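Biologist: I would like to go through this model one question at a time. Please keep the answers plain.

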Amino acid sequence: EFWQLLLRVFQLVGFDGAVARSKSSHFWGAHMRFFRQMLMSAKVPSVAAQALNAVQHQGLCVVVGLQSTGEASLNQAMGSAKDEGESEEM
């Protein structure tokens with residue numbers, strides 16, 4: 001319900017042109033990050049239980065890697081490229 005309400009508010013404000021595209025991009029980016037983090041956090045109890053079992057009962061060492069798409073790094077790199085007047089093709 002929260003995301004639906006927020007989307008309605010954005011639509012009611014009625015941005016035009018480039019501002020609308022920018023706001024829409026930020027909205028959907030936040031939407032995707034929120035649900036990606038929700039999915040990752042839902043996996044934590046299972047991963048923690050498996051890691052604890054491996055350490056306590058199997059004598060293993062555990063390494064847990066959290067991976068992402070690298071979106072933040074790409075956005076930062078693109079922002080730097082725009083600031084320096086480089087092409088947007090990456």
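Biologist: Is E71 buried, partly exposed or exposed?

Modeller: This is a predicted model, in which local features need pLDDT of at least 70 and side-chain atom pairs count only at pLDDT 80 or more, while totals for chains, interfaces and linings use all residues. Residues are numbered from 1 along each chain as its sequence is written, and side-chain values use heavy atoms, with hydrogens and water left out. Buried means under 20% relative accessible area, exposed over 50%, and partly exposed in between, with a 1.4 Å probe and protein chains only. At 25% relative accessibility, E71 is therefore partly exposed.

Biologist: Which residues does E71 touch, not counting residues up to four places away in sequence?

Modeller: E71 lies in helix α3; helices (H or I, at least four residues) and strands (E, at least two) are DSSP runs, numbered from the N terminus. E71 and R33 are 38 residues apart in sequence, yet their C-alpha atoms are 9.7 Å apart in space. Contact means heavy atoms within 4.5 Å. With residues up to four places away in sequence not counted, E71 touches R33 and R36.

Biologist: How many helices and strands does the protein chain have?

Modeller: From the N terminus on, its elements run α-α-α. The count is three helices and zero strands.

Biologist: How far apart are the end C-alpha atoms of helix α1?

Modeller: The expected span of a helix is 1.5 Å times one less than its number of residues. Helix α1 has twelve residues, 2-13, so it should span 16 Å. The model agrees with this, as the end C-alpha atoms of α1 are 17 Å apart.

Biologist: How are α1 and α2 oriented, roughly parallel or roughly antiparallel?

Modeller: Axes are lines fitted to C-alpha atoms, for helices over the stretch in contact, and angles run from 0 to 180 degrees between N-to-C directions. The axes of α1 and α2 (residues 17-58) come within 11 Å and cross at roughly 175°. Angles under 35 degrees count as roughly parallel, over 145 as roughly antiparallel, 65 to 115 as roughly perpendicular and the rest as oblique. The crossing angle therefore makes α1 and α2 roughly antiparallel.

Biologist: Which residues of α1 make the contact with α2?

Modeller: On the α2 side, the contact is made by K23, F27, W28, A30, H31, F34 and F35. On the α1 side, the residues are W3, L6, L7 and F10.

Biologist: Is Q67 buried or exposed?

Modeller: Q67 lies in the loop between α2 and α3 (71-83). Q67 and M40 are 27 residues apart in sequence, and 9.5 Å apart in space from C-alpha to C-alpha. With a relative accessible area of 68%, Q67 is exposed.

Biologist: What percentage of the residues in the protein chain is buried?

Modeller: The protein chain has 90 residues. Of these, the buried residues make up 7%.
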